[in-house]
Amino acid sequence: LHMSEGFARRVFDPSTPSVRGLDDDERALLRNVDARAFRADPERPLRLIAALLEEYPVSAAIVGASSLPAFIATSVFENAVLRDRLIADAFGDWLFARAGDVALIELAVALARRRRRRRGAGVVRAPGVEGTRVAAGTLAFYADALERLRRIGPTAHDAVAHGARVDAPPDVDAREYVLVDCTGAASSGVSTCAEPLFALLSFARDAHARDAVIAEAARLGADDDAASLVDDLVRDGLLAVSLPSTKV
């Protein structure tokens, strides 16, 4: 209601029979509030876009800062709110359709920074580790564009907010695998990785028994070294051992 004028109109318009995400009692409760209360801070959507711009400067430089507020009026944004989805995640999806694979790298960085807890107990990809598959050369393009925007500065997102643009990289058939590691330092480590490592970390997105992860490593080519490889990845912080959650 604070962000989307279209959603607010549907809530308060008596000719609209129902509003997705609200039952009749919830809608009636909201309609008892003066509708002006939800328009008291008209710059709130822009502050959200400004925060998202900080996480997606290169993608935003491709599509242009002036195009970003349109995200608030989309079904992608509304669905994210109604389903309690991370807004930065939904924004990455929206940008991907407009900026291409660069958005996938920035989405992986955004997710890695949040170090979200993985599901289940067992061996799992460590919180703060994300990966993505993009067109070959995308990571080099991203790093170069980010540096160019920073030179315009004082920060990359500030440069984009003031109109800086970059052209999208050419799309190619060849693929590269990008690994983002935010498990240690405050800044993100972003690099390419081998396809088998990417596949193993993708398999371990949810927790599995150690033997299952070792078997997958062997299937991907580790053979007799599979157990040592899994132990090394745990020691290096790319994999983690997740314990069952306990309720008190």
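Q: Are tyrosine 56 and phenylalanine 91 buried or exposed?
A: Buried means under 20% relative accessible area, exposed over 50%, and partly exposed in between, using a 1.4 Å probe and protein chains only. Here, tyrosine 56 and phenylalanine 91 are both buried. Keep in mind that this is a predicted model: local features need pLDDT of at least 70, side-chain atom pairs count only at pLDDT 80 or more, while totals for chains, interfaces and linings use all residues. Residues are numbered from 1 along each chain as its sequence is written, and side-chain values use heavy atoms, with hydrogens and water left out.

Q: How many aromatic pairs does a search of the whole structure find?
A: Rings of Phe, Tyr and Trp (its six-membered ring) pair if their centres lie within 6.5 Å; planes under 30 degrees apart are stacked, over 60 edge-to-face, the rest tilted. The search turns up seven aromatic pairs. Take tyrosine 56 and phenylalanine 91: their ring centres are 5.4 Å apart and the planes sit at 85°, so this pair is edge-to-face.

Q: Which parts of the chain does that pair link?
A: Helices are DSSP runs (H or I, at least four residues), numbered from the N terminus. Tyrosine 56 is in the loop between H3 and H4, and phenylalanine 91 is in helix H6, 35 residues apart.

Q: What about phenylalanine 71 and tryptophan 94?
A: They make a tilted pair, 5.6 Å centre to centre with 55° between the planes. Phenylalanine 71 lies in the loop between H4 and H5 and tryptophan 94 in helix H6, so the pair ties together parts 23 residues apart in sequence. Phenylalanine 71 is buried at 0% relative accessible area, and tryptophan 94 is buried at 5%.

Definitions and conventions: Helices (H or I, at least four residues) and strands (E, at least two) are DSSP runs, numbered from the N terminus.
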